[in-house]
Amino acid sequence: MSARLAQKIAFAVLLLATLLVVFPVIIILGIIVAKGASAISWEFLFSMPRDGMTAGGIFPAILGTLYLVLGAVLFAVPLGVLAAVYLVEYSSDNWFSRLVKLAIVNLAGVPSVVYGLFGLGIFVTFFRFGASILSGSLTLGIMILPVIITSAREALESVPRHFRTVSLSLGASHWQTIRHSVLPHALPGILTGMILGLGRAAGETAPILFTVAAFYLPRLPQSVFDQTMALPYHLYVISTQVPGIAENVRYGTALVLLTLVLLLNLAAILLRSRFRRKKKW
Amino acid sequence: MVSAGVKFSILGLHVHYGKLCALRDLSLDIRANEIFTVIGPANSGKTTFLHALNRLVDLVPDCRLSGEVRLDGVNIRAGLEVEALRRKVGIVFALPLPLPISIFENVVYGLRMQGIRDPRLLDEAVERSLRESYLWDEVKDRLRTPAMNLSGGQQQRLCMARILAGQPDVLLFDEPTSGLDPISTARIEETMLDLKEKYTIVLVTNNVAQAARVGERTAFFLMGDLVEVSATSKMFTTPVDSRTSDYITGKFG
């Protein structure tokens, strides 16, 4: 077999593999848009559900998911970034830091339903937050913590060593060096971790199942100690638990969830590219 | 006791990296306002020597030190905060390493870290130090542009300006021209000769001719040992040790 032919076959296989990755995404998106687009309306997006959720809108679920994602990010990003700064810039390579790193890797592999049970045990029951936005946000926050820490660590480690040496050699303290010569340059990478975390927190059902999500609420949550409806759980409810929901409403809900995650990601990506443009080396 | 004219005095300095000995029982004096050059082949401890003078060796996790380094008679490990020491003893590295910020911000970085905010003071420091490093005329109209856009030689002069802004006592140069073309090298050397009026300069170089051109006194390091230290003209004409003459005539290194 000639080298040219072998190359053609190799290219064909690679292309096929790539198409196989893209194909399901396109089909899923296509089906959801085709079946759900007809449900999308002003009323669907911005009004309360009516008639046993068979009519009206999904506004409380959209708002609830936004609250939960915001809460999770507010909790997990500062905590994760500080932990990453400690691991990369302060701790030496000893048994303790290795244990922490191992714990983070393992945390990333824990199934989301286990986080849900953990949140139920700790936040709902032990801290007596009850089933509430606070409990749900904290549970989601802990779930995305490994993603945030890992990407922040990689971002910090990819800042060239000599930035630190130069900064210290100019008489800056260790913390000033981190604050002015390391963190600003790691920011795009840290935001990438936040984006990944955002998407995951918005879409997960299991962690909010026991900690916050409500089947149906006639009014919007008034404080962080209230329960709320949320899109992923609402989708599960109307798809399997309540009979007689029109198909386009179910697909419409899925479409809204997808679009919401996409919009959150888009916002974060725009933010990141702004920081990237400012920093060059 | 501070003997007049001595800037740095080094007494019995040993530096180990783990089990590896980088400097062995080093004792020498560096006089104020001289250009003290250090020559020697690779791995002879030259950079370690510079980094011991402003405590950058502290950044190496398994580095151990013994002996004493005194700056103006003060032990740099006991009588001085490390940040203050590094402001007094600035260093220019082998490669031009500007930070990925504007020219202006590179120059005032050290001052900002000291908490100086007054824009007038910062502007003055930028102009003064860029003039001292002969970069002012080339960059005065684009101080707010990224330092990374400068040429290699300009970047290295920016790195000089950056330490001059903090009004140091001593300038350490670690093979500052190893990445530069001959013209940029000549400009850096001229700048050093001017700067010695105000500052004490320690120049590590692997270019023997450079040591001969700008040095007043020269030390020859080999495998962590100080072989010989004497007036540069004397070392290049009548070296005491045969290893020194072998090195400067190019028999090894």
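## Nonpolar cores

Of the 72 residues that make up the largest nonpolar core, B:Leu172, B:Ile201 and B:Val202 touch the most other members. Apart from this core lies another, of 65 residues, which includes A:Val81, A:Val124, A:Ala152 and A:Leu156. The model described here is predicted.

Once its neighbours within four places in sequence are left aside, B:Leu172 is in contact with B:Leu50, B:Leu53, B:Asn54, B:Val89, B:Gly90, B:Ile91 and B:Val202. B:Val202 is itself one of the core residues that touch the most other members.

## The mixed sheet of chain B

Six strands of chain B form an open sheet in the order S6-S7-S8-S3-S9-S10, with mixed pairing. Its edges are strand S6 (89-92) and strand S10 (225-231), each of which pairs on one side only. From one strand to the next, the twist averages 15 degrees.

Strand S3 (residues 35-39) of chain B is mostly covered, with 5 of its 5 residues buried. In a regular strand the side chains alternate between the two faces of the sheet. In S3(B), B:Ile35, B:Thr37 and B:Ile39 point one way, while B:Phe36 and B:Val38 point the other way, and all are buried.

S3(B) pairs in the parallel sense with strand S8 (residues 200-204) of chain B over 4 bridges; there, B:Phe36 has B:Val202 as its bridge partner. S3(B) also runs parallel to strand S9 (residues 217-222) of chain B, to which 4 bridges join it, and B:Val38 stands opposite B:Ala219 in S9(B). The pairing of S9(B) with S10(B) is antiparallel and spans 6 bridges.

## The antiparallel sheet of chain B

A second topic is the open sheet of 4 strands in chain B, which has the order S2-S1-S4-S5 and antiparallel pairing. Strand S2 (20-31) and strand S5 (74-75) of chain B are the edge strands, each pairing on one side only. Strand S1 (residues 6-17) and strand S4 (residues 63-71) of chain B pair in the antiparallel sense over 8 bridges, and B:His16 of this pair stands opposite B:Arg64 in S4(B).

## Helix H1 of chain B

H1(B) lies across S1, S2 and S4 of chain B and runs at about 120 degrees to S1(B). Because 8 of the 8 residues of helix H1 (residues 46-53) of chain B are buried, the helix is largely enclosed by the rest of the structure.

## Residues with positive phi

B:Arg55, which follows H1(B), has a positive phi near 60 degrees. B:Asn43 is not a glycine, yet has a positive phi of about 60 degrees; its place is in the loop between S3 and H1 of chain B. B:Asn43 has 14 C-beta neighbours inside 10 Å and therefore counts as partly exposed, since a residue falls in that class when it lies between the limits of 20 or more for buried and 12 or fewer for exposed.

B:Asp72 is likewise not a glycine and has a positive phi of about 50 degrees. This residue sits in the loop between S4 and S5 of chain B. With 16 other C-beta atoms within 10 Å, B:Asp72 is partly exposed.

## Chain A

Chain A contains 11 helices and 2 strands, which follow the pattern α-α-β-β-α-α-α-α-α-α-α-α-α along the sequence. Its C-alpha atoms fill a box of roughly 70 × 65 × 35 Å, taken along the principal axes.

Of the 281 residues in chain A, 38% are buried. Among contacts in chain A between residues at least 6 apart in sequence, 76% join residues at least 24 apart.

## Contact between the chains

In the interface, 20 residues of chain B are in contact with 17 residues of chain A. On the chain B side, the elements that give two or more residues are helix H2 (82-88), helix H3 (103-113) and helix H6 (152-164). The residues of chain B that touch chain A divide into 12 nonpolar, 4 polar and 4 charged.

Methods
Residues are numbered from 1 along each chain as its sequence is written. Chains are lettered from A and ligands numbered from 1 in the order in which they are written. This is a predicted model: local features need pLDDT of at least 70, side-chain atom pairs count only at pLDDT 80 or more; totals for chains, interfaces and linings use all residues. Two residues are in contact if their C-beta atoms, placed from the backbone, lie within 7 Å. Ala, Val, Leu, Ile, Met, Phe, Trp, Tyr, Cys and Pro count as nonpolar, Asp, Glu, Lys and Arg as charged, and the others, Gly among them, as polar. A nonpolar core is a set of buried Ala, Val, Leu, Ile, Met, Phe, Trp, Tyr and Cys residues joined through C-beta atoms within 7 Å. Two strands pair if DSSP finds at least two bridges between them. Axes are lines fitted to C-alpha atoms, for helices over the stretch in contact, and angles run from 0 to 180 degrees between N-to-C directions.
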